[in-house]
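This report describes the packing and the charged pairs of the structure shown below.

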Amino acid sequence: MSPRMPNPSLVVPDVLPPMRALVKAVNSVGVPLQTLVLIHLRVSQINGRTVHLPVKPKEFEEAGEEDRRLPLVETWREQTCFTDAERSVLALAEAATRIDGREDPVSDEVWEEAARHWTQVQLAAVVLHIGLVNLWNRVNVATRQEAVDWRINPKKWTPMTSRLSAAQ
C-alpha cells in the first residue's frame, strides 16, 4: 500500500523541529542508544508496525548494525543476552504500550525494577521515548508510511524531507 499522505510531521508547519528537539533531549541523558533502539523495536512490534530486521550476518554487516540481538527482542523474556537494565525498560515499554482495558497498566513491580537500574532523569527519558515511539507508530500506521528497515545502513537512508519533496 502506498502512503495516504506525506508524514504529517512534515505537512504541519513547525511540528518537526520541536519533535527533533525532544528526541535530542531524550538521547542526551545517558540512556545508551542501543537500549533506546531495543525499546523502539519492542514498542513497534507490539503496535504491529512492520520492522524489517537483519537476520543473516551479511545483512548485519551491510546495515552497519552491530547489535545481533535485534531479532530476539520480541522474545526477550526467554533470552539470556539482555542485561537486567535492558529487561527492566523492555518490561516498562510493554506495560506502557499495552494500556487498553487496564486500570493500572504499569505495575509498581515493573516501575520499581526500572527505577532500580536508571536514574530519575534517565527513567523520565525512557518514558518519553516510549511515548514518542507510540506516537510515531500511530502516525505512520494511520498514514501508511513505509516500514522501518534496519537492514539498510542509516547512512544510505533517504531523508524524510527528500521523500516529502518527491510526494508534492
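## Salt bridges

Glu94 and Arg77 form a salt bridge, with their closest N and O atoms 2.7 Å apart; a salt bridge is a side-chain nitrogen of Lys or Arg within 4 Å of a carboxyl oxygen of Asp or Glu. Because Glu94 lies in helix 5 and Arg77 in the loop between helix 4 (57-63) and helix 5, the pair ties together parts that are 17 residues apart in sequence. Helices are DSSP runs (H or I, at least four residues), numbered from the N terminus. Glu94 is buried, with a relative accessible area of 7%, whereas Arg77 is exposed at 52% (buried means under 20% relative accessible area, exposed over 50%, partly exposed in between, with a 1.4 Å probe and protein chains only).

The side chains of Arg42 and Glu94 also meet in a salt bridge (2.8 Å, N to O). This pair links helix 3 to helix 5, across 52 residues.

## Model and conventions

The model is predicted: local features need pLDDT of at least 70 and side-chain atom pairs pLDDT 80 or more, while totals for chains, interfaces and linings use all residues. Residues are numbered from 1 along each chain as its sequence is written, and side-chain values use heavy atoms, without hydrogens and water.

Methods. Helix = DSSP H or I, 4+ residues; strand = E, 2+ residues; numbered from the N terminus.
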